[in-house]
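Have a look at the structure first.

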Amino acid sequence: NWVSILFRPVVTAINATGQVKYISIVNGTIYILVLPVSYVLLKIGFGPTIPFILNIVFLVLGHTIFTMIIVKRLIPFFEIKRYFVQVLFRCACVTILSAPVPLLLHLLIDDGIARFIIVCIVSVVWTACVIYLLGIKKEERTLLNKFVSRRIINKIFKK
């Protein structure tokens, strides 16, 4: 689940404080609440997708509100706004901008193995470009460029 993955570093930071019970109680309660609320909504006529929707809504609310309250209480110097801007916003941008090009190719090319191969290759290359341009900071790009340059130089001069 994308939401859980994005907040995993925050949960790990909370666990590092030794106060595992708080985050466990919050996350456990959120996961358990999905079942009775889904049951009630299904009984009154909502469709079968409602448990999935509730799971996403509860996870987002749980992580964005309760996890952040806990992390701020246990780690006062943790900057929530900075985390949202530098981590969550970047990840959302990469996710949103990575999808259109492969999706467009999927829709434009006739069904078959060629479409599969083209869409796979373009997906990897396009996503890598989006990550390089938007997903990583300037300092990280510089480090990546140096690393790749060293690897290429080493390969050339080893022969």
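At what angle do helix 4 and helix 6 pack, and how far apart are their axes? The angle is about 150 degrees and the axes are 9 Å apart. Axes here are lines fitted to C-alpha atoms, for helices over the stretch in contact, and angles run from 0 to 180 degrees between N-to-C directions. Helices are DSSP runs of H or I with at least four residues, numbered from the N terminus.

A word on where this comes from: it's a predicted model, where local features need pLDDT of at least 70 and side-chain atom pairs count only at pLDDT 80 or more, while totals for chains, interfaces and linings use all residues. Residues are numbered from 1 along each chain as its sequence is written, and side-chain values use heavy atoms, with hydrogens and water left out.

**The helix pairs**

| Pair | Angle | Axis separation |
|---|---|---|
| Helix 1 and helix 3 | about 20 degrees | 10 Å |
| Helix 2 and helix 3 | about 155 degrees | 9 Å |
| Helix 4 and helix 6 | about 150 degrees | 9 Å |

Helix 4 and helix 6 are therefore roughly antiparallel, a label for angles over 145 degrees, with those under 35 counting as roughly parallel, 65 to 115 as roughly perpendicular and the rest as oblique. From helix 4 come Arg90, Val94, Leu97 and Ser98, and they meet Trp126, Thr127, Val130, Ile131, Leu134 and Gly135 of helix 6. Contact means heavy atoms within 4.5 Å. Sorted by class, that's six nonpolar, three polar and one charged residues. Nonpolar covers Ala, Val, Leu, Ile, Met, Phe, Trp, Tyr, Cys and Pro, charged covers Asp, Glu, Lys and Arg, and the others, Gly among them, are polar.

Over at helix 3 (residues 50-74), helix 1 (residues 2-16) packs at about 20 degrees, which makes the two roughly parallel. Helix 1 passes helix 3 in a left-handed crossing. On the helix 1 side the contact includes Phe7, Val10 and Ile14, and on the helix 3 side Thr67, Met68 and Val71 are among those taking part.

Helix 2, by contrast, is roughly antiparallel to helix 3, and the crossing is right-handed. The residues involved include Tyr22, Ile23 and Asn27 of helix 2, along with Phe66 and Thr67 of helix 3. This contact has 18 nonpolar, six polar and, again, no charged residues.

**Inside and outside**

Where does Thr67 lie? It's in helix 3, and with a relative accessible area of 0% it's buried (buried is under 20%, exposed over 50%, partly exposed in between, using a 1.4 Å probe and protein chains only). Leaving out residues up to four places away in sequence, Thr67 touches Val10, Val11, Ile14, Ile23, Asn27 and Gly62.

The largest nonpolar core has 22 residues, and Phe7, Val10, Met68, Val71, Phe78 and Tyr83 touch the most other members. Helix 3 gives the most to this core, with seven residues.

At the other end of the scale, Phe89 in helix 4 is exposed at 52% relative accessibility. Cys129 sits in helix 6 (residues 113-135) and is partly exposed at 37%.

Definitions and conventions:
Left-handed = near helix turned anticlockwise from the far one by under 90°. Core = buried A, V, L, I, M, F, W, Y, C linked by side-chain atoms within 4.5 Å.
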